[in-house]
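User: Please take a close look at one part of this model, the interface between the two chains, and describe it in a connected way.

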There are 2 protein chains.
Amino acid sequence: MFQWFCMCFIDEMNVACCITLLYCVVFSTEHFLWSLRNGMLKHFVRVRAIAIAISSSPKISSQLSIPLTLTFTPSLSSSTMAATDDSLRKSLADKHAAVEAQGNAVRALKAGGAPKSEIDAAIETLNALKLEKTSIERSLVGGSDTREAFRQAVVNTLERRLFYIPSFKIYRGVAGLFDYGPPGCAVKSNVLSFWRQHFVLEENMLEVDCPCVTPEVVLKASGHVDKFTDLMVKDEKTGTCYRADHLLKDFCNEKLQRDLTLSSDKVSELKHVLAMLDDFSAEELGAKIKEYGIVAPETKNTLSDPYPFNLMFQTSIGPSGLIPGFMRPETAQGIFVNFKDLYYYNGNKLPFAAAQIGQAFRNEISPRQGLLRVREFTLAEIEHFVDPQDKSHPKYAEVADLEFLMFPREQQMSGQSAKKILLRDAVSKGIVNNETLGYFIGRVYLFLTRLGVDKERLRFRQHLANEMAHYAADCWDAEIECSYGWIECVGIADRSAYDLRAHSDKSGVPLLAQEKFAEPKEVEKLVITPVKKELGLAFKGNQRMVVEALEAMPEKEALDMKAALESEGEVDFQVCTLGKNVTIKKTMVTIQKETKKEHQRVFTPSVIEPSFGIGRIIYCLFEHTFYTRPSKAGDEQLNVFRFPSLVAPIKCTVFPLVQNQKYEEVAKLISKSLTAAGISHKIDTTGTSIGKRYARTDELGVPFAITVDSTSSVTIRERDSKDQVRVDVEKAATVVKEVTEGHRTWEDVWSTFPHHSSTSTDD
Amino acid sequence: MFQWFCMCFIDEMNVACCITLLYCVVFSTEHFLWSLRNGMLKHFVRVRAIAIAISSSPKISSQLSIPLTLTFTPSLSSSTMAATDDSLRKSLADKHAAVEAQGNAVRALKAGGAPKSEIDAAIETLNALKLEKTSIERSLVGGSDTREAFRQAVVNTLERRLFYIPSFKIYRGVAGLFDYGPPGCAVKSNVLSFWRQHFVLEENMLEVDCPCVTPEVVLKASGHVDKFTDLMVKDEKTGTCYRADHLLKDFCNEKLQRDLTLSSDKVSELKHVLAMLDDFSAEELGAKIKEYGIVAPETKNTLSDPYPFNLMFQTSIGPSGLIPGFMRPETAQGIFVNFKDLYYYNGNKLPFAAAQIGQAFRNEISPRQGLLRVREFTLAEIEHFVDPQDKSHPKYAEVADLEFLMFPREQQMSGQSAKKILLRDAVSKGIVNNETLGYFIGRVYLFLTRLGVDKERLRFRQHLANEMAHYAADCWDAEIECSYGWIECVGIADRSAYDLRAHSDKSGVPLLAQEKFAEPKEVEKLVITPVKKELGLAFKGNQRMVVEALEAMPEKEALDMKAALESEGEVDFQVCTLGKNVTIKKTMVTIQKETKKEHQRVFTPSVIEPSFGIGRIIYCLFEHTFYTRPSKAGDEQLNVFRFPSLVAPIKCTVFPLVQNQKYEEVAKLISKSLTAAGISHKIDTTGTSIGKRYARTDELGVPFAITVDSTSSVTIRERDSKDQVRVDVEKAATVVKEVTEGHRTWEDVWSTFPHHSSTSTDD
């Protein structure tokens, strides 16, 4: 419907006007590109009809101002960005024309032998115009430069401090594979621990751990074998492969960003292509690539036609080579195939949730965008099984009063931007389909913000009707804004009974739940009884097929037949297995309503699935917590990650102020207490200046530092305020434990202990 | 050497005597089969020469008496077992002869027309003899039956309570792939958390997290591409694959166990084959299979010759199909390739350790033995990098006084069994190669016993000289005894500089450490200076090769040449690259000792590698903690896992004594406090009798149960003693937290709170 709606506008309205409207209607390109081609993927596979992606220009989001010293400003609304972009572009065209006119004037003056002073004045005007033009050009491309500079600062810090490392670096690496180095690994481990605490423990979920190696039959049932593909083109001479949509996207973006002479018609066309990217068939993509003369980026050779490439890593199980297997593209299937056992484990009661944390794999054609698009990643998935007739949640009240940025379908369609909505209102007004879905949206919000995600740059975006699978009841993505745009990090979908039905059909094992009635219920049922003797006489060898067709009639058709037989005595009846119609007479079948007693209701449960891309959440967290501040001398910018203690890779560093055996012994004593208390920490006994040592741990996001400057008491410094208190040696580990584990706030510590003013000891 | 030693005995001594000696010399078959073909594998790949496996018969270890109600008796010594087995076998042969003789006698009496009473008496004697023979046969096969019954009881409980589930069960599963269900997953997660706490945090290790997908070049350097193989045979008609050694092993075991008519020569031969199994080449294995007429087990078709099958799951990275990749067979390589960055991260200082927890893969030809031999498993590996000239460890003193079962090389060779040895003695006497290796052995002992591994069934077995890789300095396996025998669960190896050198050679990236000298050191160096002019005149076009050969001379050869030139004026010199000798005259080269100042020493670090097969440890833990006890009525045996709180999947259950709203509210209140305290627990509000509910959680190994039988106070029950105390409602969660987290013992709780005597409320 929405696609049709958009196409009407494009056909019937002035194109420029239409583009403006497109901006109003929607937001940023990225969320579609991401949501449909992200590491978590299941929407791509499981969605029947891909939505039309209406998009702002990448240009526009590149206008986001990102001061290097601090975080992004809260995101501008899409329409404002669009206006800025368009007005700049118009100014540029004006200025371009003015430069051209002035150039012509100068040439005319020269040709006409005008006096030198006059020519000089004209040249001066020309130069001034050129400067103004350059300035507008800079503004147009400047946004993305700032954003990229910010990203580069984060990524440089992350790589230098080994938060992550390109895998197999000494062998020149493999695209799309990354190692977490020590601090990154600790952050990941903390995020996963908190996930387990926040979801599995809190909700008594049934956690399972299934293998990555998966036989084909399972992924055939799930749809991955047939539909988990991207369109690929090959360099016709070298055989190098590219994602067809990436090449087209790059071409359009490059044109829009760098070619400042584009006509507004061309701008509209390219933006339209970007918007439609995900809807193009192989043929349409191929045609566009030909039309724009897109060639292989490195060799400039021509490209093959696009064709689908399955994104699963294939392998073979066992030695025979006859059992095809894949590395799982998601962890969810491991839960679905175990439904029967898990339901039994839960005492045959609904609702219950199963959860799994594990590696998933995706053989990207050409991975890009660092940690966001990788070939192997950690997923944490929940499958909450629920009676489709009762999607209430007993703990819903605990989250109902949360208020956060939501971006419902209607707001997207009517050109509004994401707004703060009370979760209770979203559920009661039916914006969010049901309580359980609402409960998980609330829990995901709490999870992400407690990790340190900036709540102003976190929104819950509802899938558009045609973005969802036909079977899905509702679907919301937790999107986090980072330098790449709005990134889908968690998908929260009500997938109805689809997955259990698919595996039940394929395996032949019923995956069902029962509701036992307190009292047996009387149920009226339609009973169709073919009279075999009559049918045998009439249809002889075909009797069986007619009987089966009669028995298989849906209720409505049977009631129609009953009415027709009663009024007319006979009726035409199509028997598909015979490929023809036959005449059924009144004597050949009885159709009657009968009342039966039923003791239970048997049904396929619905599943509500929150699915977390752990690597993406961590990367966004890195960007949200990164900032720089000037060193004391003011001669350099120092990097800081303001991780909450929960996430910080190390909770505390211990420094002897100077290299001195007594201080080192105290430091070791404190270290031992910290270890006993389970607080990860590091001793730094290098002779480096204390300021440099603070800077070094700030850059790792270590929230507290204990400096040993006497044998009786030490100072504890908080990372972001740089405030220090003085604490007895014996109490130091306990204070750090309390404050890192959230049993005490820093404010409380600050008001309890004597302050220590930083002199030469601090930065 | 050892191989030669054994072969001599076999050649020169009476075979029966030799076999007895073989029993004396060594222990059980299993540890070789396991250590060489286990899930952790690296020894197999990295070992140059596989050791001769001297073995007792599997028969023998099957004599282990395993009372179903409790644990194994401490293992009998191998020689005792051998004696029992041999004497039973001899009795059986005697009895067999007696039965035959008596049978002949009966036939003779019948043929001779003897009186019926006489014949009847003879038949009675014959029947008595037959009964005695059957009884001996039962004794011979009985041991393995008991052991298998015990295992079956454990495995049934594990599967019924979803500790694990055969993966993809609804699709009839895939051999060698298992899911951890909810309690198994919780146990695994607890084991890994404790591993992180005990090793990573305690030692400030650098934890990393690398991908499973690994490009070929990395595994080429490590040796896995070429040598990570098992020998395989194929059914010549159906193509079904089998492990060649498994078929031969099964044939020998089956013969030994079931064919009671075997001559003692044949018994010796079969046992010898079992002992040699791992040393057979493809040709030798093939010859034995032909000799014994072994055919495909199901079809009885003939088998192909054995050939090597690489055990890595192969895949292809990226869309071109041109970058071969594998699923990693171990996590260690991810650490080695990152050495340079990690060394830098550690401030360019040694020693330091890196650690990794992750999935590893092994495409078994035909997986067996449940959770011990699987196709995908979790490894936890440590690579401790150390200066080869200083393998002391600063925390060694903390473990030096531990005493536990060790099985040094010498004891194995001289026929003794594992003995308790003080770690300090083992290191000081040089039994354990160095302090760091000793330190890790001690830490692994603490780790395993704190998890709940029975210290009487845990031993550290040293690799025999020829069982180790040529480059390894020393290697010890932590072996845990379970119903499958002694299972290698942790390997602790000093692998010298091998791995870093291999990757350095292959990648061309130096993987080195430096020791900066406090003062520059004067080093005497031999300097060889070829006199190019003279050499040019003499050798013309060959000059370069002679120059290079002179410069490459080892010190000793150069000194010899210097002496010869001084005494004789000229000398014969072999130039390999020319393939001939040339005459070097005194004028052609100067060889002199010179003194140089050096500021640092550059070297490749040694690595000490503790490598943990997490799944194997967990399985052994299941067996060690499992026991049964009679129900109160005495009508059935109830299963219990006596997990320590650290490991228990759930720490506590909360039961309202009867279904009653007030009690349920109290239970919910306590549940909330437990959640807040981070204690995993479960509420059971079913109306089932309290005894049954206790039995249900005992079977999950839940250490404590809170029963709500009033609104002011509750009872807390300890699993193994079944003792109960009465505690105020408000205190219940805190008490359980303290006792499960080890801050308080149950004994302390028992002596603090009023006792509650179990009446009808208990089992």
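Analyst: What follows describes the interface and then one residue.

This is a predicted model, in which local features need pLDDT of at least 70 and side-chain atom pairs count only at pLDDT 80 or more, while totals for chains, interfaces and linings use all residues. Residues are numbered from 1 along each chain as its sequence is written, chains are lettered from A in the order in which they are written, and side-chain values use heavy atoms, with hydrogens and water left out.

Chain B can be laid on chain A with an RMSD of 0.5 Å by a turn of 180° and a shift of 0.1 Å along the axis, the superposition being by least squares on the C-alpha atoms of residues with pLDDT of at least 70 in both copies. The two copies are thus related as by a two-fold rotation axis. Within chain B, the C-alpha of B:T315 is the one nearest this axis, 2.3 Å from it. Both copies use the same surface, since 100% of the contact residues of chain B recur in chain A.

In terms of contact (heavy atoms within 4.5 Å), 76 residues of chain B meet 77 residues of chain A. The buried area, that is, the accessible area (1.4 Å probe) that two parts lose on being put together, summed over both, is about 6400 Å² between chain B and chain A, and carbon and sulfur atoms give 64% of it. In chain B, the residues that lose the most area to chain A are B:I170, B:Y171 and B:Y345, together 13% of what that side buries.

Four salt bridges are counted between chain B and chain A, each a side-chain nitrogen of Lys or Arg within 4 Å of a carboxyl oxygen of Asp or Glu. B:K188 forms a salt bridge with A:D209, with the closest N and O atoms 2.4 Å apart.

B:K188 is also among the residues in contact with B:Q359, when neighbours of B:Q359 within four places in sequence are left aside; B:C212, B:E376 and B:T378 are others. At 16% relative accessibility B:Q359 counts as buried, a class that means under 20% relative accessible area (1.4 Å probe, protein chains only). The C-alpha atoms of B:Q359 and B:C212 are separated by 6.9 Å, although these residues lie 147 residues apart along the chain.

Methods: Buried means under 20% relative accessible area, exposed over 50%, partly exposed in between (1.4 Å probe, protein chains only).
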